[in-house]
Amino acid sequence: MNRAITTQRRSRIVGAGIAALAVAVVAGCGSSGGAAPSLGTGSSAQNVSTLVIANAVKVDTLDPEANSVNESIWLDQNLYSRLLQPNSTGTGLLPDLASSWKIASDGLTYTFSLRADAKFSNGTPVTASDVVYSIKRSRAFSGGWGFLLTAVKTITAPDAHTVVITLSEPHAPLLADLAMYAYSVVPAKLVQSQGSKFFQHPVGSGPFMVTSYSPDSEVDLAVNPYFYGTKPKIKKVRVLIVPNDNTRVLMLESKKADIIENPPGNLIQQIDANPDLNVKLFPSTRVDFVQLDEHFKPFKSQLVREALNYAINRKSIVQLAYQGHATAGASFMPYKMQYFDDSISPYPYNPTKAKQLLAQAGYPHGFNAFLITVSGDVAGQAEAIVLKSELASVGINLSIQSYELLTAYNKEDNGHSEMGERYWTNDIIDPDEVATFGADCQGGANAFNSYWCNSQANSLVAKARAELNSGTRQQMYNQIQQIVYQQSPFIVTDYSPYRYGVGDWVHGFQVTPLGNYDLSLETLTVGSH
Amino acid sequence: MTRFGMLPRRLVHLVIIVFGITVVTFFLLRLIPGDPALAILGSNYTHTRAVAIDNFLGLNKPIWTQYGVYMDRLFHGNMGFSFFYDESATTVIVSHIAPTLYLVCFSAVLAALISFPVGFIAGIRSSGVVDQISRVFFTLSFAMPGFWLGIILLLIFSVHIHAFPLSGFGSGFFGHLYYLFLPALTIALGFSTVLVRSLRAATITTLQAEFVDTALMKGIKYRQVLWRHVFRNSVLAVVAVFGVNLAYLISGTVLVENVFSLPGLGTLLVSSVSDRDYPVVQGVTLLFAVLIVVINLLTDVVQAALDPRVGQEIGE
């Protein structure tokens with residue numbers, strides 16, 4: 001029976017043909033119907049008017065008071081302006097909406113004069129009452145950044161171009177705080193009438209405005225025609241959300257993206273090998289550290305904490321976890337910021353000394369501990385392996401526990417971590433923020449959740465906040481950094497840079513240590529490619 | 001029992017299953033350490049700020065009260081409010097449905113287009129060239145994880161040949177098909193393996209059935225016998241496999257959406273779990289659960305429509 005069939009079935013390969021045809025038809029229809037996105041038509045012969053950036057992370061919101069995702073914060077900065085803005089090195093402030101400001105001699109009254117030509121992207125002027133409304137709104141946001149402005153007593157607008165802020169006590173970081181993204185200026189009337197819907201199609205006074213907003217796939221920007229500053233040379237920016245590391249790299253390699261955020265460490269060489277592409281590293285305010293939780297008995301001893309610092313070879317961490325593209329860590333404050341104490345140098349690698357210190361502390365044979373890492377954090381996993389092998393040589397047996405991000409943070413914050421990998425990045429250029437979180441155990445974050453407490457550090461943080469003389473502040477912050485360095489409530493491993501894959505055809509892309517690139521988008525050009 | 005006599009009882013099952021899903025997702029989700037306040041605050045987490053956020057979101061109430069509120073809203077068609085998107089969870093989910101639905105349907109169609117001819121030919125000419133080649137090819141494609149196969153397809157068709165886009169969803173019906181071709185192919189290649197193998201096996205079995213001999217002896221042309229008797233009976237066996245695996249295919253979209261940067265439900269589910277955006281996770285899980293139950297039900301209905309005996313068996 002089978003045989004009978006075999007002799008008769010001849011010409012039925014048509015089926016496969018149909019399938020192939022259908023596939024071709026679908027593909028064919030597609031290419032005619034849904035044209036591939038053009039990368040913008042050149043405004044001049046050489047330059048292209050559209051910049052395409054591929055980010056790894058979706059946009060959380062365009063509402064500056066509620067932003068917490070760095071990528072979204074950096075996006076926001078292109079849309080809104082603030083009274084002042086950080087400069088390109090992140091060490092000083094530039095005027096933005098405020099053209100000038102006066103500080104009363106007692107340091108309690110700040111008077112800002114607003115520029116008269118500032119307009120929102122819908123053409124309405126930016127007034128002092130918009131500024132007052134925006135600052136008050138962000139300050140009142142529950143879970144937001146109001147705690148930075150606790151010293152502020154009143155915020156008023158005596159006329160359309162003047163804003164006056166009075167304080168109950170001197171507060172040195174005030175200008176830096178006001179330059180922070182959370183205190184971006186929004187049009188009061190529109191936000192009041194539209195509520196949270198406003199932030200789907202926000203209107204700001206920054207260099208760009210949103211033309212299309214899909215928070216987890218693409219955000220399109222166009223130049224704000226009413227922008228008062230330098231008109232950007234590019235006309236449009238497309239921000240694509242591409243979470244997969246490999247896909248982002250492929251987009252850059254095939255020139256479908258001009259800039260990609262955070263190319264994975266293992267592909268850096270591959271990108272650099274392409275003559276048209278570069279991996280650019282920008283110094284950041286990121287500090288990578290390992291918290292030593294004092295709920296765990298050995299870490300109550302300063303000798304043990306010191307021993308760990310000597311037992312770790314920061315060079316191997318920089319080499320193995322960051323492919324050499326990081327700087328060994330010393331002070332707990334970011335190395336690219338005001339008041340950083342550069343006289344502090346990283347603990348040298350000295351396992352013999354580490355063993356001595358451990359013996360002195362009563363742990364001649366070491367102890368067992370666990371280290372929490374975030375799963376999917378490639379650099380963090382590599383760092384954990386280095387830590388494990390190096391601590392093993394001084395008798396400390398480390399077990400690595402990997403958790404999903406929020407689970408890891410939850411354990412670390414609540415004193416269940418023994419050891420945990422964490423990092424810090426600044427939101428303002430003033431050291432008050434990092435000192436409050438990292439060195440003041442009453443500052444709300446239990447000294448980066450190490451539960452270490454030092455009354456001298458606490459009072460210095462408060463004093464430095466109220467001190468207006470920058471020389472005296474420098475001394476105070478040096479002292480705080482020295483205390484933290486000596487007592488090591490956490491091991492500062494390294495300062496790692498921001499990493500971007502950039503096409504050679506993009507000229508002038510720069511990222512400030514705070515992570516902002518809005519200033520560079522005002523001047524960069526995109527060549528044909 | 002009529003053909004579709006099982007329908008009412010199956011619909012009751014659906015309600016019970018959906019209720020079970022709400023219980024499981026609601027409580028399991030709250031068992032994971034890490035809360036929305038932590039997700040919102042990130043490295044700037046302080047206890048005071050977290051308490052403020054918990055109060056605002058109603059997460060300070062007892063968990064039973066929270067479940068009560070959730071179920072009450074659900075009965076009124078309200079899935080709750082997304083912390084992350086600052087919009088109702090229903091709106092968020094609806095805005096992410098299209099890419100996933102397109103992807104699932106497109107890959108199901110592609111899988112059928114690929115596997116029906118290949119499986120059928122491999123069956124009627126078992127051990128022939130098509131059979132041998134397809135065996136090797138589909139075993140390989142089945143063994144390749146979707147995220148890897150996807151990258152390889154991108155490398156070939158987008159980076160080197162520039163035939164298809166690298167990421168995104170496109171616009172308009174044909175635009176969507178164009179953008180989704182590679183992701184759909186990625187899923188379809190893995191999915192086809194099961195279909196090809198089961199269609200091949202079913203075809204071989206059907207060819208040996210006596211009604212095929214009878215038809216041939218009646219003098220009906222061989223082609224017609226293959227088409228009317230063999231193919232129809234073989235495909236019937238594959239419908240069940242297709243239905244069951246369609247559910248598997250939905251879960252496959254999660255990884256593929258990530259590789260191709262598609263703003264679909266899979267991406268939404270994963271990111272919402274990381275954000276502890278409870279209402280969205282609950283909503284998407286519920287939707288997936290309902291989809292899978294409905295697909296299984298539809299599979300039975302289709303089988304019953306194709307073969308009355310099946311409906312009676314299921315009904316009994």
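I take helices as DSSP runs (H or I, at least four residues), numbered from the N terminus. The expected span is 1.5 Å times one less than the number of residues. I found a bend of about 35° in H10(B) at Phe231(B); a bend is the angle between axes fitted to the seven residues ending at a residue and the seven starting there. Just after H10(B), I noted a positive phi of about 50° at Ser261(B).

I worked on a predicted model, in which local features need pLDDT of at least 70, side-chain atom pairs count only at pLDDT 80 or more, and totals for chains, interfaces and linings use all residues. Residues are numbered from 1 along each chain as its sequence is written, while chains are lettered from A and ligands numbered from 1 in the order in which they are written.

Next I looked up H5 (residues 89–124) of chain B. H5(B) has 36 residues and reaches 51 Å from first to last C-alpha, close to the 52 Å expected at 1.5 Å a residue. I still found a kink of about 40° at Ile97(B), shortly before the proline Pro99(B).

I then checked H5(B) against H12 (residues 278–306) of chain B: the axes come within 9 Å and cross at roughly 50°. H5(B) is therefore oblique to H12(B). Axes are lines fitted to C-alpha atoms, for helices over the stretch in contact, with angles from 0 to 180 degrees between N-to-C directions. Under 35 degrees counts as roughly parallel, over 145 as roughly antiparallel, 65 to 115 as roughly perpendicular and the rest as oblique. On the H5(B) side I listed Ala89(B), Thr90(B), Val92(B) and Ile93(B), meeting residues of H12(B) that include Pro279(B) and Leu287(B); contact requires C-beta atoms, placed from the backbone, within 7 Å. I counted seven nonpolar, two polar and no charged residues there. Nonpolar covers Ala, Val, Leu, Ile, Met, Phe, Trp, Tyr, Cys and Pro, charged covers Asp, Glu, Lys and Arg, and polar the others, Gly among them.

Last, I looked between chains. The axes of H7 (residues 245–253) of chain A and H7 (residues 146–160) of chain B come within 11 Å and cross at roughly 10°, which means that H7(A) is roughly parallel to H7(B). I noted Asn246(A), Thr247(A), Leu250(A) and Glu253(A) meeting residues of H7(B), among them Ile151(B) and Val159(B).

Methods:
Helix = DSSP H or I, 4+ residues; strand = E, 2+ residues; numbered from the N terminus. Contact = placed C-beta atoms within 7 Å.
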